[in-house]
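Here is a briefing on one protein chain. Please read it alongside the sequence and the coordinates.

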Amino acid sequence: MDEQPETPDGAPPVENRGVGPHRGRRRRALRDGHARMRLRLDGHPRLRLLYKIGVGLLGALIVVVGLVLVPLPGPGWLIVFVGVAVLGTEFPAAHRITQWVRRLARRARLRWRAWRVARSVRRSSTVDPSAAPSR
């Protein structure tokens, strides 16, 4: 019997999210097309090297733009992480960094949810003095 992971508040995860006959078809088609392209690239070593260099340059450019935008208001760090994710498609070290950032973001999201649930429980358990009936 498969055990379902629990959310921070102890409730089982929502199962009905995005259920439908077409769910995942577009993503699967993109993934299959990408796999076919990679197979063609693997058959041509020079083209593969050129592709890897192109991905490296594009990812580095995105990272540099993100680092330039870090001190400015806006999504500087997000752009840096997107650049590292682009690099992670070809380079294992960048992929490990991307996975580490994803784990951190997931933990932060779970902590945020747990904090919000705990805060709502605290607020609902405290009695508002203005709501109490006066005699």
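Arg25 is partly exposed, with a relative accessible area of 47%. Partly exposed covers the range between buried, under 20% relative accessible area, and exposed, over 50% (1.4 Å probe, protein chains only). The model is predicted: local features need pLDDT of at least 70, side-chain atom pairs count only at pLDDT 80 or more, and totals for chains, interfaces and linings use all residues. Residues are numbered from 1 along each chain as its sequence is written, and side-chain values use heavy atoms, with hydrogens and water left out.

- Arg25 sits in helix H1, residues 25-42. Helices are DSSP runs of H or I with at least four residues, strands are runs of E with at least two, and numbering starts at the N terminus.

**Overall fold and surface**

- The protein chain has 4 helices and 0 strands. Along the sequence the pattern reads α-α-α-α.
- The chain has 135 residues, of which 13% count as buried.
- Take the contacts (heavy atoms within 4.5 Å) between residues at least 6 apart in sequence: 38% join residues at least 24 apart.

**Salt bridges**

- The whole structure holds 3 salt bridges. Each pairs a side-chain nitrogen of Lys or Arg with a carboxyl oxygen of Asp or Glu within 4 Å.
- Glu90 and Arg38 form one of them, at 2.4 Å, N to O. Glu90 lies in the loop between helix H3 (76-88) and helix H4 (92-125) and Arg38 in helix H1, so this pair ties together parts 52 residues apart in sequence.
- Glu90 also bridges to Arg48, at 3.1 Å, N to O. Arg48 belongs to helix H2 (residues 45-69) and Glu90 to the loop between H3 and H4, so the pair ties together parts 42 residues apart in sequence.
- Asp42 pairs with Arg48, with the closest N and O atoms 3.6 Å apart.
- Together, Arg38, Asp42, Arg48 and Glu90 are linked in a network of salt bridges.
- Glu90 and Arg38 are both buried. Glu90 has a relative accessibility of 6%.

**Two threonines**

- Thr89 is in the loop between H3 and H4. Thr89 is partly exposed, at 48% relative accessibility.
- Beyond its neighbours within four places in sequence, Thr89 contacts Arg38 and Val55.
- The C-alpha atoms of Thr89 and Gly56 are separated by 9.4 Å, and the two residues are 33 residues apart along the chain.
- Thr98 is part of helix H4. Thr98 is buried, with a relative accessible area of 16%.
- Beyond its neighbours within four places in sequence, Thr98 contacts Val84 and Ala85.
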